[in-house]
Amino acid sequence: MAKKQSMIAKLYQPKNLITAALVGAGVYHAFKWGRKKATETPKEAFDESVNRIKQEQAAAEAAKKAANEQRKAATAASSIQSPNSYSHKVGEIQAILGVAVNGVAGEQTQTAYARRFGLDRGTIAPMTVQYYLDKAKADQVTFGL
């Protein structure tokens, strides 16, 4: 029992009381400030995450729009309805020749053109299609008269 009393007596000494009070105050302030920061930090982090996600979504939307524009431009450039496209020019040649119009200078188109006009610059290709189209249109005008 003497040991317990001596321990209790040590607790009541002024330096131990001050130490205990400082430790208690430190724990209280750490809990109070830590809890306050903990409530602010998730809100700020949440707002930051939401803003970052919105920016990423806007960037993704812009990239999607740009990809759609490129795809539309590529489709228009290769479409049979676009007057300046290779497919359209081949389609015109096919219409003049009286073969199936599909916009592809395949075996049927090449053979029909060779029989009617002669392929003097090789096969119908993107580099020679305008020459062959002009030749077919000129012959169509004179043939139609």
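Trainee: How should I read the confidence, and which helices have the lowest and the highest mean pLDDT?

Mentor: Where pLDDT is low, the predicted coordinates should not be read in detail. Here the protein averages a pLDDT of 81, and 80% of the residues score at least 70. Among the elements, helix H1 (residues 2–11) has the lowest mean, 62. The highest mean, 91, belongs to helix H4 (residues 107–116).

Trainee: How many salt bridges does the structure hold?

Mentor: Side chains of opposite charge can pair when their charged atoms come close. This structure holds two such salt bridges. In one of them, the side chains of Glu92 and Lys137 meet at 3.0 Å, N to O. Glu92 lies in helix H3 (residues 86–97) and Lys137 in helix H5 (residues 129–144), so this pair ties together parts that are 45 residues apart in sequence.

Trainee: What is the relative accessibility of Glu92, and what is the relative accessible area of Lys137?

Mentor: Glu92 has a relative accessibility of 22% and counts as partly exposed. Lys137 is partly exposed too, with a relative accessible area of 36%.

Trainee: Which residue forms a salt bridge with Asp120?

Mentor: Lys135 does, and the closest N and O atoms of the two are 3.6 Å apart. Asp120 is in the loop between H4 and H5 while Lys135 is in helix H5, so the pair ties together parts 15 residues apart in sequence. Asp120 counts as partly exposed at 49% relative accessibility, and Lys135 counts as partly exposed at 24%.

Trainee: Which residues have the most contacts inside the largest nonpolar core?

Mentor: They are Ile93, Leu97, Tyr113 and Ile124, in a core of 14 residues. Helices H3, H4 and H5 each supply at least two residues of this core. Take Ile93 as a case: leaving aside neighbours within four places in sequence, Ile93 is in contact with Tyr113, Ile124, Val129, Tyr132 and Leu133.

Trainee: Which residues of H4 are buried?

Mentor: Thr109, Gln110, Ala112 and Tyr113 are buried in H4. Arg115 also has its place in helix H4, but Arg115 counts as exposed at 68% relative accessibility. The C-alpha atoms of Arg115 and Leu97 are separated by 10.0 Å, with the two residues 18 apart along the chain. Just after H4, Gly118 takes a positive phi of about 90°.

Trainee: How many aromatic pairs are there, and how is a pair of rings described?

Mentor: A pair of aromatic rings is described by the distance of the centres and the angle of the planes. The count here comes to three aromatic pairs. One of them, Tyr113 with Tyr132, is edge-to-face, at 5.0 Å centre to centre and 70° between the planes. This pair links distant parts of the chain, with Tyr113 in helix H4 and Tyr132 in helix H5, 19 residues apart.

Trainee: Are Tyr113 and Tyr132 buried or exposed?

Mentor: Tyr113 counts as buried, at 0% relative accessibility. Tyr132 counts as buried, also at 0%.

Trainee: Which residues do the ring pairs link into a cluster?

Mentor: Tyr113, Phe117, Tyr131 and Tyr132. One ring of that cluster, Tyr131, has the charged end of Arg121 over it, 3.8 Å from the ring centre.

Definitions and conventions: Residues numbered from 1 in each chain as written. Heavy atoms only, no water. pLDDT = per-residue confidence, 0-100. Helix = DSSP H or I, 4+ residues; strand = E, 2+ residues; numbered from the N terminus. Salt bridge = Lys/Arg side-chain N within 4 Å of Asp/Glu carboxyl O. Buried < 20%, exposed > 50% of the residue type's maximum accessible area, 1.4 Å probe, protein only. Core = buried A, V, L, I, M, F, W, Y, C linked by side-chain atoms within 4.5 Å. Contact = heavy atoms within 4.5 Å. Phe/Tyr/Trp six-rings, centres within 6.5 Å; stacked < 30°, edge-to-face > 60°. Lys NZ or Arg CZ within 6 Å of the ring centre and 35° of its normal.
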